[in-house]
Structures are given as structure tokens and as C-alpha cells.
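I set out to record what can be read from the model at hand, entry by entry. My notes follow the order in which I looked things up.

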Amino acid sequence: MIDGILNVYKEPGFTSHDVVAKLRGILRQKKIGHTGTLDPEALGVLPVCLGKGTKLCDMLTDRDKVYEAQMILGIATDTLDMSGQVLKSEAVDLSPDEITAAVDTFVGCYEQIPPMYSALKVGGRKLCDLARAGIEVERKPRPVEIYSIDIKEIVPYNDHKISVLMKVHCSKGTYIRSLCDDIGQKLGCPAVMGSLLRTVCAGFKLEDALKLSEIESLVRANEIEKYVVPVEMAFQTLPGVYMKADASRFLYNGNPFELNNVQKVSGILSDGCRVRVYDHDGSFLAVYSYSEKDQKFRTIKMFL
């Protein structure tokens, strides 16, 4: 079984679950999970966790992302993107300065309402399933953060509409479709997401992503493991903690341990920080958190 993370380029027409299902066949292993849903027509980076790496799924989902998104001003659909049924279409007469000023107001933290066509669950059912059944439910706004929005291009679109190409760096849980809709409301016109390309996700970059066909070729050539990122590399920015020989037993059992059980620390410890933990032989086994008050380390996630 392969353990680690594979940087997959999700192509259009595939759901994130489709990618996982196809990889199970290509790699001939069941223990595979993805790190966050991409819309079927969206493209780009989809880190996929393999074997022991599946314990990373929730941890990688929590990290920030970068998208290249097209926003079309003058159109509204039921899905908030161009795959849905058009609800409104109108001419838009806005200057680049007006559009830029409205977009800039969304940089920072704001409360975003998730779209009905999303995989988010309410009462145990996916919102998208409810939407397809013609049921709309109230969604509570959720805090998201937009770290930056860089407008790359503002050009005319069909029938007196406007296309805005922008690069968005955002926190977990941000829906770019909802962001486009919210910007449209700020401008006083309908807006949808046209296209979406995820270029960065949890530190994994577009230029390193592999298509499913490329992964299949690498498996046939017995070279796929060269492209699998080891689990510990997902935590390379964290301080490293190395156990003393007589204290590794604490680590093997997933127990808390004290600073005096540590042989060496690489990096700087601070209260509440997460650390990579290695046994006395140098094998990476876990992520712990450090408490400065009692100088103790406590388990976050084990990778035995």
C-alpha cells in the first residue's frame, strides 16, 4: 500500500469523488481520500491522500487556497455558476474603477452564505440534493477570510455583459460562486462564476499536479512513488521534536509526554504550537501540540 499525498490535476467533468474512485482502480488500493471538494466543471489542484496519509484529509482541508476565477456580471443562475438555469440576464454598464472598488471591499473577513448547490450538509442531507428536489433551506452565514483579490482582466462579455478575471487567495470554506454573487449584489447587478481553476491548495501547486492519465502511465512504469509526497512533508514548517530512547514508548502509545523526555528540538517551541514528533530512531510518527505552562506535549494526530 502507498502512503502519502498525491497532487492530482482534476479535469472538468469529474467530481472529486470520481477522482478518488478512479485512483482506487489505478493504484489498486482502497484507502484513499481527497482534501476538499471541487465543483465538477472546476479544474486544478486536488491533493489526494493515500494509505496512512488519509489521516491528513481533515488537516489539509483546513488550509488556505488560491483560485483563478472568472466572474461574469449581468447573469444570474440558480447554481451561481454557468452550469445552472439562467434566472436573469441584463446589460451592465460599469467602469473598471467601480468594479475594482466593489471587489476590494471583500478583502478581509466576512460572513458568507453557502450556495444551495454545494456538498454542505443540513439535517444530514447535502444541500445540492435538496436543491435538485426543488427544496431551498435557510443557510446560516459562515465566517470566511479573503486574504487578497487581484483583478487580472476586465473585458466585455456577450450581450453587454462584463467578464472579470481575478486571482483569489482565501481561507477554507470559501465558495467562489458565492463570492461572485456577493460582489454582484454590491454592484447592484446579477453575477455568476464563469470558470474556476484552483492553483494552490494546502501548499500543493498547479505546476506539480498530475492528470489521471499521467498517474496511470507512471503506475505502469513503476515510477509513481517518486511523485508521492511523504506524510511528514505536509508538516515540514512545524518544529521537529525527537524523543529520547527510553521515552519513545510514550509516543508509540499516543500518550502525552514532557519536555524532559525530548532528546532534541529543531525549530522554536511556543505555547499552543503544533510539532512533528519522531521516535529515537528518527521515524516520523505523530503531530502533537505543546503547552508552555506545564511543558507538556499532547496528541493531535498519530501516523503509526
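**Entry 1: a hairpin and its sheet**

I began with the hairpin that E17 and E18 form, which has 5 residues between the two strands. In its turn I found Gly-282 with a positive phi of about 85 degrees. I note here that the model is a predicted one.

E17 and strand E18 (residues 284-291) run antiparallel and are linked by 5 bridges.

Which strand did I find paired with E17 in the parallel sense? It is strand E14 (residues 240-243), which pairs with strand E17 (residues 274-278) over 3 bridges. Opposite Arg-276 in E17 I found Gly-240, and opposite Val-277 in E17 I found Val-241.

I next placed these strands in their sheet. The sheet is open and has 6 strands, in the order E15-E19-E18-E17-E14-E16, with mixed pairing. Strand E15 (257-258) and strand E16 (262-266) stand at the edges; each has a single partner strand, so one side of each lacks a neighbour in the sheet.

His-160 has a positive phi of about 65 degrees although it is not a glycine. I located His-160 in the loop between E10 and E11. With exposure set at over 50%, His-160 counts as exposed because its relative accessibility is 63%.

Gln-295 is also a residue other than glycine with a positive phi, near 50 degrees. I located Gln-295 in the loop between E18 and strand E19 (296-302). At 42% relative accessibility, Gln-295 counts as partly exposed.

**Entry 2: the whole chain**

I then stepped back to the protein as a whole. I recorded 7 helices and 19 strands. The C-alpha trace spans about 75 × 50 × 40 Å along its principal axes. Of the 304 residues, 45% count as buried. Among contacts between residues at least 6 apart in sequence, 67% join residues at least 24 apart.

**Entry 3: nonpolar cores**

Which residues touch the most other members of the largest nonpolar core? In this core of 29 residues, they are Met-71, Leu-73, Ile-149, Val-168, Ile-176, Leu-179 and Ile-183. At least two residues of this core come from each of E4, helix H3 (96-104), strand E10 (142-157), strand E11 (161-170), H5 and E12.

With its neighbours within four places in sequence left aside, Leu-179 is in contact with Phe-106, Tyr-110, Gln-112, Ile-146, Ile-149 and Val-168. I also found a second, separate core of 18 residues, among them Val-20, Leu-50, Leu-210 and Val-228. In soluble globular proteins, nonpolar side chains tend to be buried together.

I looked up the largest pocket and recorded a volume of about 1,100 Å³. It is lined by 42 residues, of which Thr-37, Leu-38, Asp-39, Tyr-175 and Arg-177 are the closest to its centre. Helix H1 (16-27), strand E4 (65-73), helix H4 (127-132), helix H5 (176-187) and strand E12 (191-201) each supply at least two residues of this lining. The largest share, 5 residues, comes from E12. By class I recorded 14 nonpolar, 16 polar and 12 charged residues in the lining of the largest pocket.

The second largest pocket holds about 390 Å³ of space. Of its 22 lining residues, Thr-77, Leu-80, Arg-139, Asp-181 and Gln-185 are the closest to its centre. Strand E5 (75-77), strand E6 (86-89), strand E7 (108-112) and H5 give two or more residues each to this lining.

Which element gives the most to the lining of the second largest pocket? It is H5, with 4 residues. I recorded 11 nonpolar, 4 polar and 7 charged residues in this second lining.

Terms used:
Residues are numbered from 1 along each chain as its sequence is written. This is a predicted model: local features need pLDDT of at least 70, side-chain atom pairs count only at pLDDT 80 or more; totals for chains, interfaces and linings use all residues. Side-chain values use heavy atoms; hydrogens and water are left out. Two strands pair if DSSP finds at least two bridges between them. On a 1 Å grid over the protein atoms alone, a cavity is a set of points where a 1.4 Å probe fits but cannot get out, and a pocket is an open set with protein on both sides within 12 Å along at least five of seven lines; lining residues have an atom within 4 Å of a point. Grid points are joined across faces, edges and corners, and a volume is the space filled by probe spheres set on the points. Ala, Val, Leu, Ile, Met, Phe, Trp, Tyr, Cys and Pro count as nonpolar, Asp, Glu, Lys and Arg as charged, and the others, Gly among them, as polar. A nonpolar core is a set of buried Ala, Val, Leu, Ile, Met, Phe, Trp, Tyr and Cys residues joined through side-chain atoms within 4.5 Å. Buried means under 20% relative accessible area, exposed over 50%, partly exposed in between (1.4 Å probe, protein chains only). Contact means heavy atoms within 4.5 Å.
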